[in-house]
Amino acid sequence: MTHTPPEHEPPHDQTPLEDPLTDHEYDGIKEYDNPIPGWWNWLFAGTVVFSLLYILFYHIGVGPSIHEQFEAETAFRLTQRFGKIGDLKPDAETILLYMNDPEWAPVGKSVYRSKCASCHGADAAGVAGPNLTDDLYIHVKKIEDIAKVVTNGANNNQMPEHGSKLHINEIVLVSSYVASLRGQNLPTVGWTADPGKKIPAWPAPPEPKADQAPEPVEPSPSGT
Ligand code: HEC
């Protein structure tokens, strides 16, 4: 007789919510305990699979590493740029001409950094190779000998040959860079073998040739 029919009870207390609530509540806003959507889980699993493939391809050696790609790209751009100056001659005049060239001297410097600094030091004061900033030289008697040493190497390849590894313009430009370091006279680091002998100063640099001066900018016909 005291039985209350269930339909009199407020429906919201009885009908369970489809998604249960969590106990998080902020300013009266409640949070459903929804499962993470399937697409999200697949996306996450996808990034894990991608990272494994990436490591396999780029780091374990199936594909070219980022560094190799970068070097190939740099070499390609450089060869394109070299089209402007043609093949340089590794002679005294050319090496002197490019010593302080604002456009090309940085190329010599970057060749030095990537191919020579490991042995001759970032500032060229030596490490496993001789100091290149003073007046003492072992193999170099004249400025063009720098390019010869770089091309052919020296002392049974303790100074490695670079003739097969560098473009002729890279050899000339790095030689110009090395020549430009002379006179800083940094104290020698690391190199304890023959310091070499003092050689005469480099000849004076030639005047820039007309065809190597920057091209004049043509005024545009439309005047804009
Ligand atoms: C593996 C180490 C190594 C690398 C890399 C290297 N060198 Fe050398 N370099 C030497 C050594 C060692 C000598 C001295 C050889 C000897 O004992 O006669 C030398 C000598 C030279 C000389 C002659 C110096 C003199 O006193 O006559 C020049 C110039 C030179 N290197 C420039 C370069 C340039 C430019 C590069 C980069 C393109 C380069 N080297 C890369 C080790 C290296």
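A residue counts as buried if 20 or more other C-beta atoms lie within 10 Å of its own, as exposed if 12 or fewer do, and as partly exposed in between, with the C-beta atoms placed from the backbone. The structure is a predicted model, in which local features need pLDDT of at least 70 and side-chain atom pairs count only at pLDDT 80 or more, while totals for chains, interfaces and linings use all residues. Residues are numbered from 1 along each chain as its sequence is written.

View 1. Helices (DSSP runs of H or I, at least four residues) and strands (runs of E, at least two) are numbered from the N terminus. Asn156 lies in the loop between H7 and H8, and it counts as exposed because it has 6 C-beta neighbours inside 10 Å. Asn155 lies in the loop between H7 and H8, and this residue is exposed, with 11 other C-beta atoms within 10 Å. The phi angle of Asn155 is near 50°, a positive value in a residue other than glycine, and phi of Asn156 is likewise near 50°.

**View 2. The crossing of H7 and H8.** The axes of helix H7 (residues 144-152) and helix H8 (residues 168-181) come within 9 Å and cross at roughly 125°, where axes are lines fitted to C-alpha atoms, for helices over the stretch in contact, and angles run from 0 to 180 degrees between N-to-C directions. H7 and H8 are therefore oblique to each other, given that angles under 35 degrees count as roughly parallel, over 145 as roughly antiparallel, 65 to 115 as roughly perpendicular and the rest as oblique. On the H7 side the contact is made by Ile146, Ala147, Val150 and Thr151, and on the H8 side by Ile171, Val172, Val174, Ser175, Val178 and Ala179; two residues are in contact if their C-beta atoms, placed from the backbone, lie within 7 Å. These residues divide into eight nonpolar, two polar and no charged, where Ala, Val, Leu, Ile, Met, Phe, Trp, Tyr, Cys and Pro count as nonpolar, Asp, Glu, Lys and Arg as charged, and the others, Gly among them, as polar.

**View 3. Glu144 in helix H7.** Glu144 lies in helix H7 and counts as partly exposed, with 19 C-beta neighbours inside 10 Å. Leaving aside residues up to four places away in sequence, Glu144 touches Pro90, Asp91, Ala92 and Ile95. The C-alpha atoms of Glu144 and Ala179, which are 35 residues apart along the chain, are separated by 9.4 Å.

**View 4. The buried face of H5.** In helix H5 (residues 105-115), the residues Val107, Gly108, Val111 and Tyr112 are buried. Seen down the axis of H5, these buried residues fall within an arc of 140°, so they line one face of the helix; the arc is that of the directions from the helix axis to the C-beta atoms. What covers them includes helix H3 (66-82), helix H6 (117-120) and H8.

**View 5. The crossing of H5 and H8.** The axes of H5 and H8 come within 7 Å and cross at roughly 90°, and the two helices are therefore roughly perpendicular to each other. Ala105, Val107, Gly108, Lys109, Val111 and Tyr112 in H5 meet Glu170, Leu173, Val174, Ser176, Tyr177 and Val178 in H8. The residues of this contact divide into eight nonpolar, two polar and two charged.
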